[in-house]
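Hi everyone, thanks for coming.

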Amino acid sequence: MRLIGVLRHANALWLLPFLIAVDLSMIFLRDDHWVGVWPETAVAAQMPAMFLAMLAAAYAAWTARREERLGLAEQLEASVRPRWQRELLGVASIAAVTVVAYCVGFVVALARTLPQSPPGFSLVPGYWLLGLFPMLAAVGAGWILGKYLPSAIAAVVAGIGGFLAFAYFGEIGGERIVVISGYPDTHVDLFVVLTRVAAAVALCAVAILLPVRKPRSLRGAEQPSYPWARPLVLVPACVVVMISVFALGRAAGPAIAERAAVDPLCRGDQMKLCLWPEHEKYAPVVAEISQRVEALPDIFVREEDVAWEYGLRYRVDRLDDGTVDLGDEEQGSSTFEIFDGSPGAITREIARMISWRGYQGECAREVDEARDVTLRIDSWLEHYLAGGGSPGQIPAGDPEVGEQLQRGFDVANGDLSREEQFEWAEEQVEEYRSICPRDGQS
Amino acid sequence: MSIEDLRTFLFLRRCWFGPVVVALVSVVTVVVGHHEVANPVPIAEGVATLPVWRLLSLIVAIMPAVLLHSPLGELESAAVREYWRVQHLYLAGSVVLYLGSFTVVAWLGLGGDTALIALRAMIAWLGLALLSGRMFGWSRSWLLPLVSVAILLFWGMDTGSTYVWWEFSARPHDDWKSAVVAGGLALLGAAIYWARSWRRHLLHPLRRARSLSR
């Protein structure tokens, strides 16, 4: 209780409303595809941690030598409390203010998804813990820099340096300091993340215990400039703890691990589309897509079919060099993904799947005319399955490919009735078969 | 104004720190400046890459403003015209020296286009640093530029993986809209810097809050 009493008067408190404002803006001033899916909600609330960490590092560096900067070193040297206790309060208050701002953002984001109460809340705490590490580590590192560099320079170096370090190790080093997508086929490994948080706390302890050079006025002949005795034992001890705890976490595996498959949520009869239960929000969209698939001419649809969301039945193997091995099932795989809440990705995958199973074969890759026809059909299928009615332009890429895609797009989104579209599609398939007579007969 | 005035002015500040920091940042920029790191952005498949030099140039940009800090700031704020002339000269000199030398180093190490983008970004951040320094004290000049980094990195990218028009630290070197933004921020900073005589009226509540919160 006493600590809370001290924190109430902490200088860092003025930072709190500002950090909350930054955090909430980063959660809400963006697209809202995360609403209604627990892991995505947690990830959206966890993303600002990287920027809160940057600001916390700068503020910690700025505060570390506040006593000297304000000319209080001499008076405080005579205080009954040892220096590390005063520093502990400084570090704790900045860490507390940053974490409170982060938690406020988290609670507000969770409240936004709560009314829809989808399954999968158990994935949320992991992402919350994941965001704690950069903030706590930034406070510790910033405090260390602030102890040995002039405050203003330490602040900007800590802020920029901290951000660059997290950005470097996070994505390129593969440590996943923060994540940007909460796919339901992955979860946060709590053990790994807890070891990270423990290592960050140890870093804060190092920051507090590191000795500082005494102010000039206090450097007498009888006293050493640096009070070494206690830190000489404690700092190496904390460093050892920090490194071993972090190494333990690294050895345990990646922070983001694959989840075991669960009972899927399926929609549709003849064409069954199965989702992760966490993606309950997309069930109505998927049901509509399934109905549109069932309405397609016979040329496209098999008797009965099932397509699974990525990770439920089928995973691609990610090789060590980062490339993806799609195996033999590349074109025909009955797997689709929902990228960052975009149902467009579902229809694209399903369009390719239908084409491959219905009429396409190897010839589509080998003969240019056949490729053009399949591009048109796939583009039409994709937009027909998405419901049509969205006139516009296909994003420009290769102009030849773009022209074919645009033709399919225009048919799906133009004035043609559904039956006329189907007639067009069947003509296209006939054209394909005249070019590649042996495909699609199996 | 004499050399003696300038020497007194420099004596009160850690003026040697500026060239040292700028030289160190320049060396780091040449060695690792072209490396790209990933930063989170709130768009589909949201990772954007960010060359390291973009953020390093910020450290250089705020140096002139940060080093205006003096332990006798309150006293100096009541100084006569001679003093202000020295301060203006010092600021102008450090801007030309630090920003100029970093631009030259970036030009030689990373190429002309990159150097021009870095210069545009530094001009904008300098304006923000002057604004921040006037509002919160010169040694807190880093505050607004650092906050601007969070804004630029998080919201600076469009869904098509292009930078939004006001992203002055990343748009192509010949982009006029972001140049106008950078110029506007620099002008704002300069105006706030020149407006010291009536800042007392303008920022009085802030100044009081500041002296209490220390």
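Before we start, one term: I'll call a residue buried if 20 or more other C-beta atoms lie within 10 Å of its own. And keep in mind that what you're looking at is a predicted model.

Okay, let's start with a helix. In α3 of chain A, the buried residues are A:Trp38, A:Pro39, A:Glu40, A:Thr41, A:Ala42, A:Val43, A:Ala44, A:Ala45 and A:Gln46. That's 9 of the 9 residues of the helix, so α3(A) is largely enclosed by the rest of the structure. What does the covering of those buried residues include? Among the elements there are α2 (15–28), α4 (49–63), α7 (83–113) and α8 (124–148) of chain A.

Now for the nonpolar cores. The largest one has 139 residues, and A:Ala58 and A:Val139 are the ones with the most contacts inside it. Let's look at A:Ala58. If we skip its neighbours within four places in sequence, A:Ala58 is in contact with A:Gly142, A:Ala155, A:Val156, A:Ala158 and A:Gly159, and also with B:Trp142 and B:Leu146 over in chain B. There's also a second, separate core of 40 residues, and A:Ala307, A:Ala386, A:Ala425 and A:Cys436 are among its members.

Next, something from a database. An unreviewed UniProt entry places the feature "transmembrane region" at several stretches of chain A, including 88–114 and 231–249. So what do those two stretches look like in the model? Residues 88–114 of chain A are 96% helix and 0% strand, with the end C-alpha atoms 37 Å apart. For residues 231–249 of chain A, it's 100% helix and 0% strand, and the end C-alpha atoms are 26 Å apart.

Where domains 2 and 3 of chain A touch, domain 2 gives 17 residues and domain 3 gives 15. On the domain 2 side, the elements giving two or more residues are α12 (283–295) and α13 (344–358) of chain A. The largest share of that side, 10 residues, comes from α13(A). By class, the domain 2 side has 9 nonpolar, 4 polar and 4 charged residues.

A quick word on strands in chain A. Strand β4 (271–275) and strand β5 (305–309) run parallel, joined by 4 bridges. One pairing to find on your screen is A:Cys274 with its bridge partner A:Trp308 in β5(A). Then β5(A) is also joined to strand β8 (335–336) of chain A by 2 bridges, again in parallel. There, A:Glu309 has A:Phe336 in β8(A) as its bridge partner.

Last stop, chain B. It has 10 helices and 2 strands, and from the N terminus on the order is α-α-β-β-α-α-α-α-α-α-α-α. Of its 214 residues, 39% count as buried.

That's my tour, so over to you for questions.

Key: Residues numbered from 1 in each chain as written. Chains lettered and ligands numbered in written order. Predicted model: local features only at pLDDT ≥ 70, side-chain atom pairs only at ≥ 80, totals over all residues. Buried ≥ 20, exposed ≤ 12 C-beta atoms within 10 Å, placed from the backbone. Contact = placed C-beta atoms within 7 Å. Core = buried A, V, L, I, M, F, W, Y, C linked by C-beta atoms within 7 Å. UniProt positions renumbered as here; feature names shortened; annotations may be inferred. Nonpolar A, V, L, I, M, F, W, Y, C, P; charged D, E, K, R; others polar. Pairing = 2+ DSSP bridges.
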